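Welcome! Take a moment to look at the model below, and then we will walk through a few of its parts together.

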Amino acid sequence: MIHNVITAVSHRLNIYIKNRLMINDDPVVVKNLVDLKGNVNDGIQNKIVVFLLSIEEDKTSKNKSVSKITGNPSIILNVNIMFAAFFSNDAYVESLRYLSLVMEFFQKNPMFHFSDTPGLHTSNSKLHVEIYNLNMPDTMRLWGAIGTKYLPSCAYKIKQVKFDSQQINIDIP
């Protein structure tokens with residue numbers, strides 16, 4: 001389920017940036033920045049790299065659910081993802097341009113529905129996206145944990161991702 005959400009949202013972002021810049025190559029990739037040995041992954045140069053930051057249970061949705069529970073209840077999650085602009089030093093301004101397009105896209109598209117976002121499961125009828133604020137100390141700890149120097153980036157929270165063990169698909173791309 002999580003892989004569907006991240007790839008589906010990233011696909012829409014890819015289309016948006018390609019149309020805005022009139023380019024053919026995919027500027028957005030869903031991938032780790034570094035491998036387990038700390039080496040930069042291939043295929044991310046001059047791209048916006050999307051990766052999972054964290055997952056948290058949405059406790060407010062859990063409290064609102066008053067339906068009769070028969071078996072294991074669904075879990076409503078918030079999925080926090082990072083968009084990092086991995087560009088060479090010479091292309092720093094270009095990295096900021098691409099990052100601005102990411103923010104523009106989410107400002108224009110704060111909600112995703114399975115009918116307008118191919119790849120989303122019907123159980124996720126509406127997903128809300130909002131900027132995920134990180135303070136400076138948390139940002140520096142995060143980049144240290146990732147294992148790279150700081151890159152121009154922004155984080156977003158995808159809210160209300162329904163995780164139901166009865167509906168998990170084996171459709172890993």
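## The buried side of helix α3

Let us begin with α3, whose buried residues (under 20% relative accessible area, with a 1.4 Å probe and protein chains only) are S95, Y98, L99, L101, V102, F105 and F106. Viewed down the axis of α3, these buried residues fall within an arc of 150°, so they line one face of the helix. The arc is that of the directions from the helix axis to the C-beta atoms. An α-helix has 3.6 residues a turn, so residues three or four places apart point the same way. On the face of α3 turned away from its buried side sit V93, Q107 and K108, which are exposed, meaning over 50% relative accessible area.

What covers the buried residues of α3? The cover includes α1, β2 (47-57), β3 (75-86), β4 (111-113), β5 (126-131) and β6 (153-163). Helices (H or I, at least four residues) and strands (E, at least two) are DSSP runs, numbered from the N terminus.

## About the model

This is a predicted model, where local features need pLDDT of at least 70 and side-chain atom pairs count only at pLDDT 80 or more, while totals for chains, interfaces and linings use all residues. Residues are numbered from 1 along each chain as its sequence is written, and side-chain values use heavy atoms, with hydrogens and water left out.

## Where α1 meets α3

Helix α1 (residues 2-21) and helix α3 (residues 92-108) have axes that come within 10 Å and cross at roughly 115°. Axes are lines fitted to C-alpha atoms, for helices over the stretch in contact, and angles run from 0 to 180 degrees between N-to-C directions. From α1, the contact (heavy atoms within 4.5 Å) is made by V9, R12, L13, Y16, I17, R20 and L21. From α3 come R97, Y98, L101, V102, E104, F105, F106 and K108.

Just after α1, M22 takes a positive phi of about 55°.

Is A84 buried or exposed? This residue of strand β3 has 0% relative accessibility, so A84 counts as buried. The C-alpha atoms of A84 and V50 are separated by 6.6 Å, although the two are 34 residues apart along the chain. Beyond its neighbours within four places in sequence, A84 is in contact with residues including L33, I48, F51 and W143.

## Two positive phi angles

N46 lies in the loop between β1 (28-30) and β2, and has a positive phi of about 60° although it is not a glycine. In strand β6, Q160 is not a glycine either, yet has a positive phi of about 70°.
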